[in-house]
Structures are given as C-alpha cells and as structure tokens.
Amino acid sequence: MKESNTLLSPNKIGSIPGIEVGKQFFSRAEMVAVGFNSHWLNGIDCITREDKEGSSGYNLPIAVVIVMSGQYEDDLDNSEDVIYTGQGGNKLTGNRRQFRDQVLEKGNLGLKNSMEQCVPVRVVRGHECKSSYVGKVYTYDGLYKVVNYWSERGVSGFYVYKFRLKRLEGQPLLTTDQVQFAGGQVPKSASDLRGLVCEDISDGQENVPIPATNLVDDPPFAPTGFTYCNSIQVSERVKLPVKSLGCNCSGNCAYSKTCFCATLNGSNLPYVHRDGGRLIEPKAVVYECGPNCGCGPGCVNRISQRGIKYQLEVYRTPRKGWAVRSWDYIPSGAPVCEYIGKLMKTDDVDAIPENNYIFDIDCLQTMKGLDGRERRLGSVCIPSSENDDDKDIVPEFCIDAGPTGNVARFINHSCQPNLFVQCVLSTHHDIKQARVVLFAADNIPPMKELTYDYGYALNSVVGPDGEIKQLLCYCGAAVCRKRLF
C-alpha cells in the first residue's frame, strides 16, 4: 500500500478523519493501512525530515502517535496522565529490559519537539486479546499533549527518557477509563486489584468469580442490600407457560433448513460459532433450543443459556454508584449476561417505592416500535398478540432485581451504550415472559464500563403525587440526553 500510494491520511497531525476515540485495531498493520501510524513496530511515530509535505513550518521531527502496550518496563499509565518511556536501548522482541542508555534522537527528539511546538499526540493502548489474530487489540484513546520530559536512571540501571503526557480536554470519555493494569496488562486475579471489598459477589454461583472494588468511599464498603442468584425466581402470582415443542436435531443444529427452531428464526440460526458464539444481529425475538429439543448442550443455538464466561468486575464510581466492567475483550454480538431477578406481574411492583431494579419485559412493545423503541422485525416468527390495539399494550410481566438478582443489576445506563437488550425464548414461546439477555453491541475492550440504554422516554416517570419525576444522566456520552427520564 505504501508503494502504490494507497495509505489513508499518511503522517497527519492530530485526529484522523473517521477514526473516533474508542476505535479498535487488531494489529499495528491495520493502523498503518489507514495512515494512523506509519510503522508496524515503533512505539513512537514521527514526521521526519523525509516527510516534509504537510508539515511545513515545524521543527522536525515531530511525534504524532505513541503506542502503549507494555514494551517498556518503566512506563506508568494512569489513563488521563501518562509517563511514557522513550525509545531505544530496549530488547523489543525479548524480555523488554533496557541494556543501554537512551539518547535524545528519533522518536525521543520528536516528543520533545512536539512539546515545544504544542503538537497533539495520538495515544493508543494495546491489550492482550485471545480472539485477535496477533494476540492483542489496540484502542485509540484520543489526543494528548506532552507537558514535560526528563532523563533518569531506569529500573535496569540505564538512563531512559521520560515524557509526561496529559489528555486534552473536550474529548469523549476515555475508552480505557480507570485502567488498573501495569505494563499494558489487565488484572490476572482478585489479588491484583486495589480497593478489593469482595472477592466474589456471586459466592461461587457463577462460572467465573465476580470481584467488587471500591476506591471511592472512605471507608470502602461492598455492595449490600440484595441476595445474589443466577437463575430467575418466580412470584407465587405468576403462572409459567407450558414448555414449547422442540427440534428433532441430534447433537448440534448444524443444518438450519431442517431445524424447527431455525425456522422460527427465519430459516437461519441466529448465532455463529465464532468466539464461542455470537448473535449475528439484534432481532425482535430470538428462539433458542430448549428442554424438548433433541440437540445437546453444545448446540450453538443455546449460547445465552451457558452462563457468564467473561471476567466481570463490579466497581464503585464517584457519581453513578456501582458499575460493571470486563477484564476480557468482548466481541460484538457475544452474550454478556442475563438480567436475573424475580419474575413478577407488573401490577404487583407498581406500589413498591424507589425500586430502581425493575425491568419491564417489553418485547411486544419493541416489536411494534412503541414509546420510542427501535423496531426490530426481521424474518422471525412473530407470535400473535391477544390485543391488537397498540395503545393498550403495556408490559404484563417484569423482572425485579431489587431484593434478589445477579450482576446485571449493577450495569448502568448510557445514551451511547455498548450493550443491547435482546428478548430470548428457550423453555417456552410466551413472548410476555421472554428472557432478557444483554449482548455486546460493539467490540468492547478490557476495563471499559458495560452499559445499556434503559429505554426511558423523557417525562415518562410519574411519582405517587402525580408529578413528573426527573433524574439527571451522568453517562458522559457525546450524545447524552442529560436526563435519564
């Protein structure tokens, strides 16, 4: 691509058109292809004296990109404020230790010149990622300015250059905000966490322990006031539907054209096997294989029934209470968790004051695109509604995760979420009691907060006194509505 002059935006200063904060690359070569970076290995990318076009008026070289991926033992990453080790004297393909002093040339000189000429630097962070073909994923975290530099004796006894960079204000929220890793690594166990207040909030009920951390409150405390459960509890006033008929497949539903469950999904299975199973696209409803199906537990059409497989963490935030993030990279379309609590009639919870953990099972409303919901029809089998008058359709059932629930109760709202809600039918086919499962709407890097849109319409919540209630939104998204409801 270089030889044919087909690279995009080569050696551009500042932002690259079309590449927003949070953009992910699955190799450094991808960054080279779009002109984001000009070298597949160097941690500092510069406009040099051979690249004078578009850089006239500057004292060259100037640095325009740095990649932080654990290549230097002296790096210190506090997200908004970075201490970056200069280049040189390091065994990049070996044990990463310094073997000689660094000098003020090439990329080091470029960072110094960028500081003196107020040239912004694009910062990319690399994380280990088993699903990436190079073992890492690289996330663009925005523009930084170099504010200081110095030379000091490093960990290995050789002199290294240090550059302090601060993130420019007015940018979207940092994708890898509140990163708690050293040298580009996410925590490997709960013992690596600062502010640990609970080693596993599920008390062993989930496939993977879910730790909780609190670096906000003094003294710190753990999540309380609920009982953890990993399966739906049913109210005495709720009658469960009859179990549905199943497919006659054997082992795995590989041949979708002959699978009964596939025909309900529009003659094609809704999932692909890649990365442990991913939903191809959001649907009005997903029909999964259930207890009366002939296929086994390894069937791809049972993906959301296998429990939590990603390493999640519940952590305290300054303004939004508890939140959830993943230590693992989550690919788009992957199921993250089901919203678990007590299945109840909506009429029974209306009288419960200040319960913020009620999830209306509003699959019918989504199908019909009511109350501002995004309509998802597709080519699935849509069950007939007992009431064809749209304006009279209200959710009959809900899930109350207040007194009892799982990790989903801690996932916050965002006006620009990275999860989406998907109604799933597996045991039965009653859309009014569909399972509520949260799927990844995009590729989600490690340590990024997990969020979904709570779906409130503005001015839709009325208090006991008949007055409209309002709640401010602190999601921080560029398209934030400023109010949750």
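The questions and answers below concern this predicted model.

Student: How many helices and strands are there in the protein?

Tutor: The model is predicted, and its chain has 485 residues, of which buried residues make up 50%. Among contacts with a separation of 6 or more, 67% join residues 24 or more positions apart. As for the elements, the protein has five helices and 26 strands.

Student: Which residues have the most contacts inside the largest nonpolar core?

Tutor: The largest nonpolar core has 44 residues. Elements that each supply at least two residues of this core include strand 16 (312-317), strand 17 (321-326) and helix 5 (363-368). Strand 24 gives the most, with four residues. Inside this core, the residues with the most contacts are Val-314 and Val-407.

Student: In what order do the four strands of the open sheet lie?

Tutor: Strand 12 (residues 233-234) and strand 19 (residues 342-345) pair in the parallel sense over two bridges, and Val-234 has Leu-343 as its bridge partner in strand 19. Strand 19 also pairs with strand 21 (residues 397-400), here in the antiparallel sense over four bridges, with Met-344 opposite Cys-398. The edge strands, each pairing on one side only, are strand 12 and strand 20 (358-360). The pairing is mixed, and the order is 12-19-21-20.

Student: Which residues of helix 2 are buried?

Tutor: Helix 2 covers residues 106-116. What covers its buried residues includes strand 2 (44-47), strand 3 (62-68), strand 5 (81-85), strand 6 (121-128), strand 7 (136-153) and strand 8 (159-167). The buried residues are Gly-107, Asn-108, Gly-110, Leu-111, Lys-112, Asn-113 and Ser-114.

Student: Is Lys-106 buried or exposed?

Tutor: Lys-106 lies in helix 2, and its phi is near 50°, a positive value in a residue other than glycine. Just after this helix, Cys-118 also takes a positive phi, of about 55°. The relative accessible area of Lys-106 is 61%, and exposed means over 50%, so Lys-106 is exposed.

Student: Where is Lys-482 found?

Tutor: Lys-482 is not a glycine, although it has a positive phi of about 75°. With a relative accessible area of 56%, Lys-482 is exposed. Lys-482 is found in the segment after strand 26 (451-452).

Student: Where is the place of Pro-219?

Tutor: The peptide bond from Leu-60 to Pro-61 is cis, with omega near 0°, and Pro-61 sits in the loop between strand 2 and strand 3. The bond from Asp-218 to Pro-219 is cis as well, with omega near 5°. The place of Pro-219 is in the loop between strand 10 (212-213) and strand 11 (227-228).

Student: How much space lies in the largest cavity?

Tutor: The structure holds one cavity of 30 Å³ or more. Residues lining the largest cavity include Ser-244, Cys-261, Glu-288 and His-429. The space in the largest cavity is about 40 Å³.

Definitions and conventions. Residues are numbered from 1 along each chain as its sequence is written. This is a predicted model: local features need pLDDT of at least 70, side-chain atom pairs count only at pLDDT 80 or more; totals for chains, interfaces and linings use all residues. Side-chain values use heavy atoms; hydrogens and water are left out. Buried means under 20% relative accessible area, exposed over 50%, partly exposed in between (1.4 Å probe, protein chains only). Contact means heavy atoms within 4.5 Å. Two strands pair if DSSP finds at least two bridges between them. A nonpolar core is a set of buried Ala, Val, Leu, Ile, Met, Phe, Trp, Tyr and Cys residues joined through side-chain atoms within 4.5 Å. On a 1 Å grid over the protein atoms alone, a cavity is a set of points where a 1.4 Å probe fits but cannot get out, and a pocket is an open set with protein on both sides within 12 Å along at least five of seven lines; lining residues have an atom within 4 Å of a point. Grid points are joined across faces, edges and corners, and a volume is the space filled by probe spheres set on the points.
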